[in-house]
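Please read it alongside the sequence and the structure shown below.

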Amino acid sequence: MSVWLIQPRDPLIFRDGKPFNATPGAQATSLPFPYPSVLAGGMRTRAGQNEAGWFNPNQPLDRLRRLSIRGPILARIDVEGRAKEWYLPAPADCLVTKSDDEFKGQRYWAHPVAIPAGAATNLAADLLLVSANPVVKGKPHKKPPRFWTWRAMRAWLVEPANDTEPMELMELGISGLTAERRVHVRIDAETGTAQEGFLFQTSGLEFAAIPGEEKVEPKVLSKLQQYALVVETDADLREGVAFLGGERRMVNWKKSDTSLPVCPDRIRQAIVKEKHCRLVLATPAIFQQGYLPEWVCHASPDLTVGIRAAAVPRYAAVSGWDAAKHRSKASRRLAPAGSVYYLSLDGDETAINQFIDNVWMQTLSDSEQDRRDGFGLALLGVWDGEVEKLEVKV
């Protein structure tokens with residue numbers, strides 16, 4: 001497996017599935033971040049090109065489908081195009097509340113709590129409730145960071161804890177990539193002029209930004225931060241320029257000597273000791289039971305894995321185009337990136353260590369093809385397995 005940096009030259013469009021046609025006023029809106037299948041398709045297209053850069057759609061596609069990918073992960077890069085800092089989706093077990101300062105927020109850890117006596121839920125598989133404890137009465141922050149730096153994420157995975165005071169949200173990460181909008185006109189093929197009334201708009205993701213600035217001014221270009229998409233794949237690719245996403249926007253594929261984050265020793269030692277852990281999705285996952293994983297619970301024959309609770313945001317959906325069948329793929333529901341699962345592990349130290357190796361920065365969707373497509377990239381975090389009684393302060 002080798003790591004590749006995909007650096008956009010233009011704002012990229014990853015369509016959200018809404019209809020987009022020649023109707024005046026139509027809008028093509030981008031997702032806030034690409035699904036793994038977009039990068040898997042780009043990787044396989046590049047792997048299937050000949051020396052001249054042409055893709056033959058009649059070649060055997062099964063070979064390309066068997067190529068796998070891990071990612072994408074957002075990274076900040078330096079002027080030489082090297083990854084300087086990783087950004088991971090914000091974990092769903094962290095509640096960020098508002099403070100008097102809009103640039104600050106206070107974090108609370110949402111973890112499993114016992115269902116109060118006399119209460120009932122519609123949760124499946126006898127799952128426990130997930131809540132901050134005691135219950136937090138403050139309102140959630142409207143714009144918490146969508147992506148945390150690896151430093152902030154690692155600290156949260158190692159030791160999640162409530163903040164005693166509001167903290168600067170910029171210390172956690174970034175709110176996301178900036179949306180760049182363009183207005184286009186329809187051109188008459190015969191006259192080469194614009195057709196009256198045929199205006200449409202596209203919205204793409206800008207992979208360059210200045211911290212705290214809405215606009216890029218020439219005098220502060222030195223502060224410009226460049227971002228790229230990072231994937232790891234077993235495909236044999238060539239470096240160079242290619243198209244990615246909608247509107248044939250251009251990116252540069254560059255092989256990197258960096259490596260994805262490894263599991264911290266403190267997390268490994270705590271999981272072996274406590275025989276419990278948190279599983280955090282770094283990319284969306286596709287499960288047969290909707291939001292509940294199944295394959296990962298049976299992937300380790302010497303270990304019994306149980307799901308005690310889950311913190312899952314509102315579901316997302318994915319579709320696409322089937323190049324072999326020349327038709328649209330059926331829409332499927334996703335467990336969003338950032339979803340957190342609280343697991344119990346029944347087995348010896350060797351089996352638990354093997355489980356950690358099989359899960360950390362590996363894809364865990366139920367279907368093998370979905371795993372090859374990059375869905376369900378996972379991280380692990382500390383949880384001692386304790387289930388507290390829910391407290392509500394009056």
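A residue counts as buried when its relative accessible area is under 20% and as exposed when that area is over 50%, with partly exposed in between. The model is predicted.

**Aromatic pairs**

- The whole structure holds seven aromatic pairs, among them Phe33 with Phe147.
- The ring centres of Phe33 and Phe147 are 5.2 Å apart and the planes meet at 55 degrees, so this pair is classed as tilted.
- Phe33 belongs to the loop between strand 2 (27-28) and helix 1 (36-47), whereas Phe147 belongs to strand 8 (residues 147-149); the pair therefore ties together parts that are 114 residues apart in sequence.
- Phe33 and Phe147 are both buried.
- Phe287 and Tyr341 form an edge-to-face pair, because their planes lie at 85 degrees, with the ring centres 6.2 Å apart.
- Phe287 is in the loop between strand 17 (276-281) and helix 5 (295-298), and Tyr341 is in strand 23 (residues 340-346), so this pair ties together parts that are 54 residues apart in sequence.
- Phe287 is buried, with a relative accessible area of 7%, and Tyr341 is likewise buried, with a value of 0%.

**Charges over rings**

- Arg248 places its charged end over the ring of Phe243, 3.9 Å from the ring centre.

**An enclosed strand**

- Strand 24 (residues 378-382) is largely enclosed by the rest of the structure, because five of its five residues are buried.
- In a regular strand, side chains alternate between the two faces of the sheet.
- Ala378, Leu380 and Val382 point one way from strand 24, while Leu379 and Gly381 point the other way; all are buried.
- Strand 24 pairs with strand 17 in the antiparallel sense, over five bridges.
- Within strand 24, Val382 is the residue that stands opposite Cys277.

**A nonpolar surface patch**

- Val183, Val185, Ile187 and Leu199 make a nonpolar surface patch of about 360 Å².
- Strand 11 (residues 178-187) gives the most to this patch, contributing three residues.
- Leu199 is located in strand 12 (residues 194-206).
- Leu199 is partly exposed, with a relative accessible area of 46%.

**Backbone geometry**

- Most residues other than glycine have a negative phi, and most peptide bonds are trans.
- The peptide bond from Gly71 to Pro72 is cis, with omega near 10 degrees, and Pro72 is part of strand 3 (residues 69-77).
- Asn133 and Pro134 are also joined by a cis peptide bond, with omega about 0 degrees; Pro134 is in the loop between strand 7 (129-132) and strand 8.
- His326 is not a glycine, yet has a positive phi of about 55 degrees.
- The loop between strand 20 (321-322) and strand 21 (327-328) contains His326, which is exposed, with a relative accessible area of 59%.
- Met361, not a glycine either, has a positive phi of about 55 degrees.
- Met361 is in the loop between helix 6 (349-359) and helix 7 (368-372) and is buried, with a relative accessible area of 3%.

Definitions and conventions: Residues are numbered from 1 along each chain as its sequence is written. This is a predicted model: local features need pLDDT of at least 70, side-chain atom pairs count only at pLDDT 80 or more; totals for chains, interfaces and linings use all residues. Side-chain values use heavy atoms; hydrogens and water are left out. Rings of Phe, Tyr and Trp (its six-membered ring) pair if their centres lie within 6.5 Å; planes under 30 degrees apart count as stacked, over 60 as edge-to-face and the rest as tilted. Helices (H or I, at least four residues) and strands (E, at least two) are DSSP runs, numbered from the N terminus. Buried means under 20% relative accessible area, exposed over 50%, partly exposed in between (1.4 Å probe, protein chains only). A charge sits over a ring if NZ of Lys or CZ of Arg is within 6 Å of the ring centre and within 35 degrees of the ring normal. Two strands pair if DSSP finds at least two bridges between them. Patches are made of residues with over 30% relative accessible area and no salt bridge: like charges are joined within 9 Å, nonpolar side chains (Val, Leu, Ile, Met, Phe, Trp, Tyr) within 5 Å. Accessible areas come from the Shrake-Rupley method with a 1.4 Å probe; for residues, only the protein chains shown count as cover. A salt bridge is a side-chain nitrogen of Lys or Arg within 4 Å of a carboxyl oxygen of Asp or Glu.
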